[in-house]
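Here are my notes for someone opening this one for the first time. Have a look at the model, then work through the points below.

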Amino acid sequence: MSSTAGHRIESARVRRAPRYGVFLVGGALLGVLVAVILTFAFGGGPIEAGAPAGDKSDYTGLTYSTPQVLGFLALIFAPIGLAVGGVVALILDRVVGRRTREVRIDRETVVEPHDAA
């Protein structure tokens, strides 16, 4: 029972591509960071139990705690950051994807005979 093998040298084009997941997660984390900065930059108080209440909202007449404001802003800015990260990855893919290079690869094919038992 012998196996047959094929061996040949071929050429292939190789290009670099960004990892989209890394850019999407990075963009979302950047959006959450922006939400944290905005929460504390515009009158956000300390996140503690018993912290003094802030001013009432002009639109709803309710008072929102700092964690609530952070949550609202994170819900807004995380998807925006996610989209920005995706767009940056697409732009990088277009710019870096133009540069391809030719490489030589060694291709070997081995075919084993199937036993009829």
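**Notes on the model**

1. Start with E10, which counts as partly exposed at 24% relative accessibility. For these labels, buried means under 20% relative accessible area, exposed over 50%, and partly exposed in between, using a 1.4 Å probe and protein chains only. E10 sits in strand β1 and pairs with R107 in strand β2 (residues 100-111), 97 residues apart. The contact itself is a salt bridge between the two side chains, at 3.5 Å from N to O. A salt bridge here is a side-chain nitrogen of Lys or Arg within 4 Å of a carboxyl oxygen of Asp or Glu.

2. Before going on, a word on where this comes from: it is a predicted model, where local features need pLDDT of at least 70 and side-chain atom pairs count only at pLDDT 80 or more, while totals for chains, interfaces and linings use all residues. Residues are numbered from 1 along each chain as its sequence is written, and side-chain values use heavy atoms, with hydrogens and water left out.

3. How confident is the predictor? The mean pLDDT of the chain is 82, and 82% of its residues reach 70 or more; pLDDT is the predictor's confidence in each residue, from 0 to 100.

4. As for the layout, you will find two helices and two strands, running β-α-α-β along the sequence. Both kinds of element are DSSP runs numbered from the N terminus: helices are H or I with at least four residues, strands are E with at least two.

5. Back to the charged side chains. How many salt bridges does a search of the whole structure find? It finds three. Besides its link to R107, E10 meets R8 in a salt bridge at 2.8 Å, N to O, and R8, E10 and R107 are linked in a network. R8 is partly exposed, with a relative accessible area of 47%, and R107 is also partly exposed, at 40%.

6. The remaining pair is E102 and R13, whose side chains meet at 4.0 Å, N to O. E102 lies in strand β2 and R13 in strand β1, so this pair ties together parts that are 89 residues apart in sequence. Both E102 and R13 are exposed.

7. Now for the helices. T39 lies in helix α1 (residues 20-41). Is T39 buried or exposed? T39 is buried, with a relative accessible area of 3%. A polar atom of its side chain lies 2.7 Å from the backbone oxygen of A35.

8. In helix α2 (residues 66-97), look at A89, which counts as buried at 0% relative accessibility. Leaving aside neighbours within four places in sequence, A89 is in contact (heavy atoms within 4.5 Å) with P18, Y20 and F23. A89 and F23 are 66 residues apart in sequence but 6.2 Å apart in space, C-alpha to C-alpha.

9. Finally, the chain as a whole. Of its 117 residues, 14% count as buried. Among contacts with a separation of 6 or more, 86% are between residues 24 or more positions apart. The accessible surface comes to about 9,500 Å², of which 62% belongs to carbon and sulfur atoms; the areas come from the Shrake-Rupley method with a 1.4 Å probe, and for residues only the protein chains shown count as cover.

Conventions: Polar contact = N/O pair within 3.5 Å; in protein donor to acceptor, adjacent residues only side chain to side chain.
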